[in-house]
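Q: Please go through the terms used to describe this structure. On what grounds does each one apply?

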Amino acid sequence: MIPSCLTLQLTPFFPSPLLPVNRLSLLSSSTFPAFAAKSRRLAFAATKAPSISTMAAEQENVGNLKRKIAKLFQLSLDATVPGEPDIEPQVAACTAKFGDYQCNNAMGLWSKIKGRPGIEFRGPPAVGQAIMKNLPQSEMIESCSVAGPGFVNVVLSKNWMAQNIQKMLVDGIETWAPKLSIKRAVVDFSSPNIAKEMHVGHLRSTIIGDTLASMLEFSNVEVLRRNHVGDWGTQFGMLIEFLFEKFPNFEDVNETAIGDLQAFYKESKQRFDVDAEFKDRAQKAVVRLQSGEQMYRKAWAQICEISRREFDQVYQRLGVHLEEKGESFYNPHIPGVIEALTNQGLVEESKGARVIFIEGINIPLIVVKSDGGYNYASTDMTALWYRLNEEKAEWIIYVTDVGQQQHFDMVFKAAKRAGWFPADDRQYPKASHVGFGLVLGEDGKRFRTRSTEVVRLADLLDEAKTRSKAALIERGKAAEWTEEELEQTAEAVGYGAVKYADLKNNRLTNYTFDFDQMLNDKGNTAVYLLYAHARICSIIRKSGKDTEELKKTGKILLDHADERVLGLHLLQFAEVVEEACTNLLPNVLCEYLYNLSENFTRFYSNCQVVGSAEETSRLLLCEATAVVMRKCFFLLGIKPVYKI
């Protein structure tokens, strides 16, 4: 059966930094499908204020409409069942005809209080009626009604909605930013290996991580964007010895002399595999590097720098900003962390190695190998310790493929055993693994070139831009635009198409990489959305009106049904960003953006803008839509285009 407002449960679920999960939300009213409505639900912390002035809205969440409504219902619930502990308003945004939002507490509340002495309610509908009756007067709300087993439906005031949209236009979209309770987070993403080129496998981590970081930053969280590059390990002995052999004056070598660093890596690996004498030298070189011998350190630094410059070219094209703190950065801290864990009694001997046993997992976390060397677990435990104790992060987010889920699960559980995290997973500090699926080719297998090589990320971006430019030329833009405009738009559309095709999917799923589909100007694609934004900009330009002046002198009206639908969707921006943040799911924001574009198209089809009696109001609605779209693009790492 379907409850009155269907909760969209996204997996994996991470509770909001603002609040605990309320178990009452699991008690749905499952017997009244006639009142079903699609929605997303958040639990809300209790706010016990004696009164509320909605136009002087709480500064903590200026733009979050759902939280404003929840605050009203918190006051109502406190009046309906005085003294009842742990009652949090269950508020859902609805798309059904019964209202804009719905409070679904009645059934869960009834299950708690029925049978108690002095309770006068006869069932959930009566509880719902009481909740509605005790709802404070507010200019936000136009009307309320109770449906089925006590669902309290709220219809918002169109005048209040219009005023708040106009206020955003004057004060800026930042006033609609969510406010999370955490102050600092680490997002660990991208993380390619030195001496290997970035390939399509790095695409998902890079753009998912960038979007999560951007959404957290928009939510006023200080984000430490960390690139945990693979810049340490046994492979460097092989690379350094090959460098010495090929270039005796290695200090004068640059990327031009080495050429393709990936080919250089392959040559050295081939030599390592077939030449026993070279292999012996390479293994000794690792020891000399790790002991700090100057010549080996210099060679290592040179290889890293060449690789780093190649990475930076890709990051610049993607518009992604990170700070590198690779594996080598944490090396000096590893012995101290292992010693501390040993002193706590967590590290045990097992088959010559030193390990931490994790309850419920049949393999241990090896933190020191049997030969005395360190490994990924040593580095990751140390990096986690550093981020908690030195960088003072409250939320540490790791963006890697789903294949590393168990590894990070073990690291996090070991950290909890060490007392680094609270016992309650809903409390901070905490760490989260953001897993993602594979990028597939049309054959349903890992996306590769025809020669079965992994697709280089630079080549993929080149192809996206080339195809995008060809489509623009076919539309006759070469004759209308300068070469610079053509290049910039081709980049924005091409790179944006690649990013959006990835981000619009639930990150846990695999997806098929298809240039034709992602560069289609119809359907849920970046091309369609960018063109929609450009059309809005064109409407405003053709009106000849100054929108900055209209913001000061004009007034938004939401009298037409399609105006109201668009206005409500705009106002839901903040709560959607918060959901995408707290559940670590960029596709939630993509869905919102696509629906915004669809709502605008319907509005524009049915409501004449330029030349109508409502021109000023509708131009301001156009501008508000463009502002919100641009912020969505920014959070998704996509550059907007203003003409097409």
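A: A helix here is a DSSP run of H or I with at least four residues, and helices are numbered from the N terminus. The model is predicted. Phe633 is found in one such run, helix H24, which covers residues 615–636.

Q: What makes Phe633 count as buried?
A: Buried means under 20% relative accessible area. Phe633 has a relative accessible area of 1%, so it is buried.

Q: How far apart are Phe633 and Gly496 in sequence and in space?
A: They are 137 residues apart in sequence and 8.8 Å apart in space, taken from C-alpha to C-alpha.

Q: Why is Gln90 called buried?
A: Its relative accessible area is 2%, and the cut-off is under 20%, so Gln90 is buried. Gln90 lies in strand E4, residues 90–93.

Q: What makes Gln90 and Glu88 a polar contact?
A: A polar contact needs a pair of N or O atoms within 3.5 Å, one able to donate a hydrogen and the other to accept it. A polar atom of the Gln90 side chain lies 3.2 Å from the backbone oxygen of Glu88, so the distance meets the cut-off.

Q: Why is strand E8 described as largely enclosed?
A: Four of the five residues of E8, residues 184–188, are buried, so the rest of the structure largely encloses this strand.

Q: What makes E8 and strand E9 a pair, and in which sense?
A: Two strands pair if DSSP finds at least two bridges between them. E8 and E9 (residues 222–227) have five bridges, so they pair, and the sense is parallel. Ala185 stands opposite Val223 in E9.

Q: How do you know that E9 and E10 count as a pair?
A: They have two bridges, and at least two are needed, so they qualify, in the parallel sense. Asn227 stands opposite Glu324 in E10.

Q: What is the order of the five-stranded open sheet, and which strands stand at its edges?
A: The order is E10-E9-E8-E14-E15, with parallel pairing.

Q: What makes E11 and E13 edge strands?
A: The open sheet of three strands has the order E11-E12-E13, with antiparallel pairing. Strand E11 (347–350) and strand E13 (365–368) each have a single partner strand, so one side of each has no neighbour in the sheet. The twist from one strand to the next averages 45 degrees.

Q: What lies between E11 and E12?
A: The two strands form a hairpin with two residues between them, and Lys351 in the turn has a positive phi of about 55 degrees.

Q: What makes the peptide bond from Tyr428 to Pro429 worth a note?
A: Most peptide bonds are trans. This one is cis, with omega near 5 degrees. Pro429 is in the loop between H14 and E15.

Q: What makes a residue part of the lining of the largest pocket, and how many qualify?
A: A lining residue has an atom within 4 Å of a point of the pocket. The lining has 43 residues, and Ser191, Asn193, His199, Gly201 and His202 lie nearest the centre. The volume is about 1,200 Å³. Helix H5 gives the most to the lining, with five residues.

Q: How is the lining of the largest pocket divided by class?
A: It has 14 nonpolar, 15 polar and 14 charged residues.

Technical notes. Residues are numbered from 1 along each chain as its sequence is written. This is a predicted model: local features need pLDDT of at least 70, side-chain atom pairs count only at pLDDT 80 or more; totals for chains, interfaces and linings use all residues. Side-chain values use heavy atoms; hydrogens and water are left out. On a 1 Å grid over the protein atoms alone, a cavity is a set of points where a 1.4 Å probe fits but cannot get out, and a pocket is an open set with protein on both sides within 12 Å along at least five of seven lines; lining residues have an atom within 4 Å of a point. Grid points are joined across faces, edges and corners, and a volume is the space filled by probe spheres set on the points. Ala, Val, Leu, Ile, Met, Phe, Trp, Tyr, Cys and Pro count as nonpolar, Asp, Glu, Lys and Arg as charged, and the others, Gly among them, as polar. Axes are lines fitted to C-alpha atoms, for helices over the stretch in contact, and angles run from 0 to 180 degrees between N-to-C directions. Buried means under 20% relative accessible area, exposed over 50%, partly exposed in between (1.4 Å probe, protein chains only).
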